[in-house]
Amino acid sequence: MAEIALKNIVKRFDSLVAVNNLNLRIKDKEFVVLLGPSGCGKTTTLRCISGLETPDEGKILINEEDVTNKRASQRDVAFVFQLYALYPHLTVYDNIAFPLLAQGLSKKRIRQEVDRAAQVLRIKHILNKKPRELSGGDMQRVALGRAIVRRPEVFLLDEPIGTLDAVFREEMRAELKKLHVDIGATTVYVTHDQVEAMSMGDRVVIMNLGVLQQVGTPHEVYNKPKNLFVANFIGSPGMNFINCKPSRGPRSKLVLGLSVVNATIAIPDEIQRTIIDKKKEEKDLVLGIRPENVMFSQKTKSNSLPARVCVVETMGSYNIIDVKLGDETIKVRTAPSIVPDIGETVSISFDPEGINIFDEETGDSVA
Amino acid sequence: MSIFKKSKKNDTRNGQVYYRPMRDITLLRLFILPTIILLIVINVFPLFWSLFLSFSRYSAKMPNIWGTNPRMIGTINYSRILTDPDMWIRFITTAKYVVLSVGGEMILGFGLALLIFRSDFKAKGLITTLLVLPMTMSPVIVGLMWQLFYDPNWGTFNYLLGLGRIDWVSDPARNLYSIVIVDIWMWTPFVMLLSIAGLSAIPKYLYEAAEIDRASWWLKFRKITLPMVYPLLLVALIFRTIEAFKIFDLPMGIVGRGAVAPRLLSLHLYNVSFVTWKTSYGSALGYIMLIIIIATTSIFIKYLNKAKQ
């Protein structure tokens, strides 16, 4: 049982505000991923939860108990460091045994527990080696072993697989997720890699410049980003943005005027209503659309916009095609069979289901 | 590689002589030549010469007549040294000196380093510099200075410690310890500096990991600090042991080489070599000391190499 609550956390380093007024509730046994670009405060947040840093303001509760001013050793947390932080002069066995030794367990119990952890992580064959003889993946396993051997309630991981090569990363991703289910601890995972975040997290917490941007399931943050930052940061490539302004079209329906091509597009009734309800009718807006929601046709169609092909990236299972809509570059995701010529004029249209509207001034989502 | 073109002869062009420039390797050799000559003359040659002398009867004060002075006498010098009961007392006294002074320096130096490294106060740099001062002084001056401190009649040592008239210098039962105290005072900063260097090299994340692992300060010290500083402590130990074993200037400055002086090997070596002028006997004693130092340090170095792995 471990529920973590962060209340109005502020952490400053001299004049730099690393974490600014962060509120977050993490449920028991949940796998939460803190995601953001480097310097966004995600690691600082994690270190505050661990007790390695004390926040300047705010409270940290674990199981409703205020631990804000408790040292890391007084909280039941395990922390896996980005660069493993293994004890270089101790063998793998002694590294994993260290937290148990600190608890004062008997030699026999320690051996049992280390063996059990080594079994889970499949590192029994390297128990007598020193860290510097190990590969990155094995070092990571040892660091995990040291963390799980104590059966902690809270499991904190700081970019644990960021330094591994791509193939191995994928393998470790699945292993970590499985480990989380097996040990049943509340897990907070820091990464800058959205693929890791989306594939592992029950919920994803997106941060930028020390400020929390959005909390939600991977599905939510992908499909309903709360602001332009999240929309652009999540997804590869990120969302396309086109400046637009609402106006009244035929039968006084609300349409969006796209200034780059001097054309208007229709939008679903629901979005129209929201724009009116939120009094954004007169505002400058931004239309956001994911590359896979841009429909692409090499034939000229009615109700579609003409665009010119600039770049074609073939990715194997799909293609990313950059087209110019006026001066704006739009990335379109297509089936791999569609390979237009560079300079070819094509027509694109937007899937109404995939349309997101943001306020240009504030960057916040409107609909 | 030379930037000049190589040519066999001096070049004569337009009636002007162009000298063949020197090759880099020649220049290199020329630069190290003075050092090599100096080393041979004042280190290498005396080393072998004294080895030769240690197997002979020779006094540097007598005129050199081959066959008489020096005269080869085999290992007689060595056997006389090793069978002299007084000599064993000197070995033991010297060993006692080494163990006490080096032991004291290691404990105090490492302790001070921990204190200074852990604490964070404004005058930290200044205090560290002040603590290092004794090490920077000339040992002879330090010896003479402490002789004054130790004076039983008007010395400040007894006065400051409120000890009354204790004779620290001419009492043979005590003056070895007086020199040990000065040695510790002078060389503790050396151990401290090396320890601070060692402590600063320990990555902070190891302590963070240990904090997460819920280690007590004692476990952190025993399992992280000590093993990580250990190689540098060994280096300090090696240096201090060598120095303490052959210490001469401090006892000479504080007590002198007279009858009341502690029976240290180095003082004895001085007496036989430069007072009674038994040069060959002194050479043999010097060689025995050299062998002891090499043997002791090679044990330490063995541990050092092990620790580095």
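In this predicted model, the centres of domain 1 and domain 2 of chain B, taken over C-alpha atoms, are separated by 39 Å. Domain 1 of chain B covers residues 11-54, and domain 2 of chain B covers residues 78-308. Where the two domains of chain B meet, four residues of domain 1 are in contact with six residues of domain 2. The side that domain 1 of chain B contributes to this contact consists of two nonpolar and two polar residues, with no charged residues.

Chain A also has an assignment into two domains: domain 1 takes in residues 4-233 and domain 2 takes in residues 240-359. The centres of these domains of chain A, again over C-alpha atoms, lie 40 Å apart. Their contact involves four residues from domain 1 of chain A and five residues from domain 2 of chain A. On the side of domain 1 of chain A that touches domain 2 of chain A, three residues are nonpolar, one is polar and none is charged.

**Chain B as a whole**

Chain B contains 12 helices and four strands. The C-alpha trace of chain B spans about 85 × 65 × 40 Å along its principal axes. The radius of gyration of chain B is 27 Å, whereas a compact globule of 309 residues would have one near 19 Å. Of the 309 residues in chain B, 28% count as buried. Among contacts in chain B with a separation of 6 or more, 68% join residues 24 or more positions apart.

**Contact between the chains**

How many residues of chain B are in contact with chain A? There are 14 of them, and they meet 18 residues of chain A. On the chain B side, the elements giving two or more residues are α8 (204-212) and α9 (217-245) of chain B. The largest share comes from α8(B), with six residues. By class, the side of chain B that touches chain A has nine nonpolar residues, four charged residues and one polar residue.

**Confidence**

The average pLDDT of chain B is 90, and 95% of the residues of chain B score at least 70. For the model, the ipTM score is 0.82 and the pTM score is 0.79.

Note on methods
Residues numbered from 1 in each chain as written. Chains lettered and ligands numbered in written order. Predicted model: local features only at pLDDT ≥ 70, side-chain atom pairs only at ≥ 80, totals over all residues. Contact = placed C-beta atoms within 7 Å. Nonpolar A, V, L, I, M, F, W, Y, C, P; charged D, E, K, R; others polar. Domains from an automatic or database assignment. pLDDT = per-residue confidence, 0-100. Rg over C-alpha atoms; globule rule 2.2 N^0.38 Å. Buried ≥ 20, exposed ≤ 12 C-beta atoms within 10 Å, placed from the backbone.
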